[in-house]
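Subject: Structure for you to look at

Dear colleague,

Here is the structure I said I would pass on. Please open it first; my notes on what was found follow below.

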Amino acid sequence: MKTVLVTGATGCVGHHVVEALLEAGAWRIEALVRDPARFRWAVPEDRVTFVTGDVADLAGSAAAFAHVDAIVHLATAWGDPVAYPVNVDATLALARLGKPMVYFSTASILDETNRPLPEAVTLGTDYIRSKYLAYSGLRALPAHDHVMTLFPTLIVAGEGRHPASHLGRALPDVGRWLWIARRFTLDGTFHLIHARDLARMVLALLERPRPAADLVAGNAAQTVEAVLGELCGLHGLPRGKPATEGRRGTSIDLTPLAPLVASLVGDRMTSWDRFCLAQRHFRYATTNPRALGLAPGLETLTDMFAYEGWGARLQGAAGG
C-alpha cells in the first residue's frame, strides 16, 4: 500500500479527497493539519495518520515527508502575511522532494487559453499573486514533470459530512433573493465543478499516467443568464426574458452599470476586483471526470442540487 501526503485535508476539497483515497483502498494517508479535531468524521487509524503542523513551516521541514510515495497539496492561504510562505514556499519545497504530486492552484490566474495571466501578478491580491508566483516557480524547476497542477474553477460543495465551499454555503438559500434576481441579467461566463468530482480527478491523476498538460478542472462554460434560468426552474419560478435584437426583454441587463458600481465602491474594490468586473467572461479549456475517462460526474447545477439534497429541501418548502 502506497503512502500519500495530503495537505489541507480538513478543508472542503480535502475531506472529499481523503474519502476518495480511502474508498480506492490502495493508499495510506498522512494528513498534515493544524488541528485534527477539525476533520468531521472518524477515520480508520490504520489508514490515516494526522500529522499536526503548519504548512507555513514546510519550506524548512519538507524533508520529513521524503518517505511518502505521492503528494496532494491542497492547503491554501487567502491573504498576507501567510499567503507567500504557504502558497509559494511550501509548494516549491514539496515539489523539490521529487514525488508524484497533484497541486491545487486556481483557474483565476489563467487566460482563456489556459496560459498564465500577466494581470494576476501585476493586479492580483496576495492570494492571486502568490498562486501565480508558485506556478511560475514550479515551471522554473529543473525537473517538474512529476508535478500535476490542477486549476479548479468555481467549486460547489454542501455542508454536512464535508465542509461547504463558499458557493455551497450560498446556493441552498438562493431562493431568498432569486425572486428579485430573476428579473435581471448580466453578461458573464464561468465554470462550475463539484468537490466530489475534483476528488475523483485527483485519484485518477495519482493512479494513471500524467496527462501531457496541466488541467483546468471544470464542466462546460455557463452564462449567468443560463444559470439564472436553471435556478428559476429548480425553484419553480418564471424567468424574465433578456432583450434580443428588435425585441424588448422582460429582464433588466445590469452589465452597463458595472462602471458605476466600481465608481460607487471606490477604494473598497481592489485592482483585481476591478479587472474581474471588466473581464466578466472566465472561460477556459476545461477537463471534468468524463474527459478523464471516468464515469460522468455532477455536470449541471441540477445534478449538484440533487446530489446535495437541496432539491428535496425545495420540494419540502413547496409542500409546506
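This is a predicted model: local features need pLDDT of at least 70, side-chain atom pairs count only at pLDDT 80 or more; totals for chains, interfaces and linings use all residues.

On overall form, the protein chain contains 13 helices and 14 strands. Its radius of gyration is 21 Å, close to the 20 Å that the globule rule gives for 320 residues, so the chain is as compact as a globular protein of that length. Along the principal axes, the C-alpha atoms fill a box of roughly 65 × 45 × 35 Å. The accessible surface of the chain is about 15,300 Å², and carbon and sulfur atoms account for 56% of that surface. Of the 320 residues, 47% are buried. Among contacts with a separation of 6 or more, 73% are between residues 24 or more positions apart.

The largest nonpolar core has 40 residues, and the ones with the most contacts inside it are Val 4, Leu 21, Ile 29, Leu 150 and Leu 206. Elements that give two or more residues to this core include strand 1 (2-7), helix 1 (12-24), strand 2 (27-33), strand 6 (147-152) and helix 8 (195-207). Helix 8 provides the largest share, with nine residues. Another core, of 23 residues, lies apart from that one; Leu 58, Ala 75, Ala 95 and Leu 141 are among its members.

Which residues does Val 4 contact, leaving aside its neighbours within four places in sequence? They are Leu 21, Trp 27, Arg 28, Ile 29, Glu 30, Ala 70, Ile 71, Val 72 and Leu 206.

Two loop residues also deserve a note on backbone angles. Asn 114 is not a glycine, yet it has a positive phi of about 65°. Asn 114 sits in the loop between strand 5 and helix 4 (118-122).

Arg 280 belongs to the loop between helix 11 (271-279) and strand 14 (286-287). The relative accessible area of Arg 280 is 28%, so this residue is partly exposed.

Regards

Terms used:
Residues are numbered from 1 along each chain as its sequence is written. Side-chain values use heavy atoms; hydrogens and water are left out. A nonpolar core is a set of buried Ala, Val, Leu, Ile, Met, Phe, Trp, Tyr and Cys residues joined through side-chain atoms within 4.5 Å. Buried means under 20% relative accessible area, exposed over 50%, partly exposed in between (1.4 Å probe, protein chains only). Helices (H or I, at least four residues) and strands (E, at least two) are DSSP runs, numbered from the N terminus. Contact means heavy atoms within 4.5 Å. The radius of gyration is taken over C-alpha atoms; the globule rule is 2.2 Å times the number of residues to the power 0.38. Accessible areas come from the Shrake-Rupley method with a 1.4 Å probe; for residues, only the protein chains shown count as cover.
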